[in-house]
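Hi,

Here is the structure I promised to pass on. Have a look at it first, and then read my notes below with the model open beside you.

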Amino acid sequence: MRVGESRADSIELSWRFVNEELCAALYRAGEGQPLRDCLKAALADPIAKALPLDDDIAEDQIDIVIDMLFHGALFCLEEGLDDKKTSTVLGILWEVHRESMVERYSMKEALQTLEHWIIQHSVHRPPQTVLLFNLAEVKAIHHFCVSTYFRHYKLYEYAFTPAQVLTLHSCRAKLVVPMPAPFPALQLATREEPPEEEGGEEGTETDAAPSRNSRSASRVEGTSPRKQSRVSVQEQPAAAAGTPSDAAEGKPSPPGEDPAQSLAAAATPIAADAVKGLKQPRGLKKQLETISNETATLTASKLDVLEARVEELEARQEAARNAKGKKK
């Protein structure tokens with residue numbers, strides 16, 4: 001097969017690399033050195049023309065290929081293959097080696113090439129393929145190639161592929177990277193003062209002092225601020241208004257009547273009417289009525305009890321403060 005010829009142009013490898021005359025001469029030579037000499041005399045020139053051989057070691061490279069074909073011919077003699085099958089097996093070995101070394105195939109790619117050529121001669125599908133080897137012969141040829149040629153594939157690759165030398169040259173780029181600006185000196189730093197609060201502690205103390213004085217003054221007089229507010233409400237002039245509706249509308253109560261009682265009495269019917277007018281579930285309506293009744297029962301007497309309790313607590317607090325002041 002010529003260099004550069006595609007696989008599609010050569011379907012069958014029989015009689016292409018090893019012709020009928022060479023096959024007959026191989027069978028006459030038998031085994032050993034005569035068989036090797038016969039292969040070298042017939043194929044040295046085609047091998048030199050088809051492979052990219054090195055001028056310095058071309059003779060050694062040709063001997064390597066002749067040795068590969070020699071073991072292939074011995075395999076054919078041992079298997080009892082005829083002249084056409086022997087020519088095809090040697091042609092497959094040669095084509096796989098030539099294509100793998102020229103194209104610099106990996107071991108996996110070279111094995112795919114071998115399987116391609118074996119299938120081309122083991123399936124009857126003309127004109128794409130021809131039936132030449134049976135299944136047993138296909139297995140034997142595949143096993144022979146894998147156990148001999150592909151076992152030493154790295155050595156063949158080292159001997160027949162030219163060495164590739166990669167030379168790297170380093171050069172400096174003319175790109176200038178701008179440097180970041182330096183930090184300012186610590187001598188230029190200023191201390192950050194915390195923000196001032198509006199109305200400092202002095203203002204709070206001065207504001208609190210009048211309230212304390214007013215409380216103490218009220219206690220001296222004998223009445224608390226709450227009672228004073230209630231008394232002031234009672235002392236306001238009021239017109240006569242005896243009905244609860246007048247107190248609810250904001251009208252003044254008659255003199256001598258407690259405003260809290262009047263307001264409670266006025267709020268009771270108003271709250272009851274408001275609760276009855278609401279459109280709500282039955283349970284919620286009962287709860288609201290109960291709350292309104294409890295609110296109405298909070299009379300002025302209960303408020304007086306609560307105020308008396310508060311005054312008692314304030315008196316105790318004032319006594320404790322006076323005791324601490326005497327100790328100091």
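One definition before we start: a residue counts as buried when its relative accessible area is under 20%, as exposed when it is over 50%, and as partly exposed in between. Keep in mind, too, that this is a predicted model.

You'll find Trp15 in the segment before helix H1, which covers 20-29. Its relative accessibility is 30%, so Trp15 counts as partly exposed. The backbone of Trp15 is worth a look as well: phi is near 65°, a positive value in a residue other than glycine.

Arg104 sits in the loop between H4 and H5. With a relative accessible area of 36%, Arg104 is partly exposed, because that value falls between the two cut-offs.

Now for the whole protein. There are 328 residues, and 27% of them count as buried. The accessible surface is about 23,300 Å², and carbon and sulfur atoms hold 56% of that. If you take the contacts between residues at least 6 apart in sequence, 64% of them link residues at least 24 apart.

How do H3 and H4 pack? Helix H3 takes in residues 58-79 and helix H4 residues 83-103; they pack at an angle of about 150°, and their axes are 10 Å apart. An angle over 145 degrees counts as roughly antiparallel, so H3 is roughly antiparallel to H4. Their crossing is right-handed. On the H3 side, the contact is made by Val65, Met68, Leu69, Gly72, Ala73 and Cys76. On the H4 side, the residues are Thr86, Val89, Leu90, Leu93, Trp94 and His97. What kinds of residues make up this contact of H3 with H4? Nine are nonpolar, three are polar and none is charged.

H4 also packs against helix H5, which runs over residues 107-120. The axes of H4 and H5 come within 10 Å and cross at roughly 145°. This crossing of H4 and H5 is right-handed. From H4, the residues in this contact are Ile92, Glu95, Val96, Glu99 and Ser100. They meet Ala110, Thr113, Leu114, Trp117 and Ile118 of H5. The contact of H4 with H5 has six nonpolar, two polar and two charged residues.

Asp37 is in helix H2, residues 33-50. Is Asp37 buried, partly exposed or exposed? At 41% relative accessibility, Asp37 counts as partly exposed. Asp37 and Ile66 are 29 residues apart along the chain, and their C-alpha atoms are separated by 9.0 Å.

Finally, go to the loop between strand S1 (122-125) and strand S2 (129-131), where you'll find Pro127. The peptide bond from Pro126 to Pro127 is cis, with omega near 0°.

That's what I have so far.

Cheers

Technical notes: Residues numbered from 1 in each chain as written. Predicted model: local features only at pLDDT ≥ 70, side-chain atom pairs only at ≥ 80, totals over all residues. Heavy atoms only, no water. Axes fitted to C-alpha atoms, helices over the stretch in contact; angles between N-to-C directions. Helix = DSSP H or I, 4+ residues; strand = E, 2+ residues; numbered from the N terminus. Parallel < 35°, antiparallel > 145°, perpendicular 65-115°, else oblique. Left-handed = near helix turned anticlockwise from the far one by under 90°. Contact = heavy atoms within 4.5 Å. Nonpolar A, V, L, I, M, F, W, Y, C, P; charged D, E, K, R; others polar. Buried < 20%, exposed > 50% of the residue type's maximum accessible area, 1.4 Å probe, protein only. Areas by Shrake-Rupley, 256 points an atom, 1.4 Å probe, with all protein chains shown as cover.
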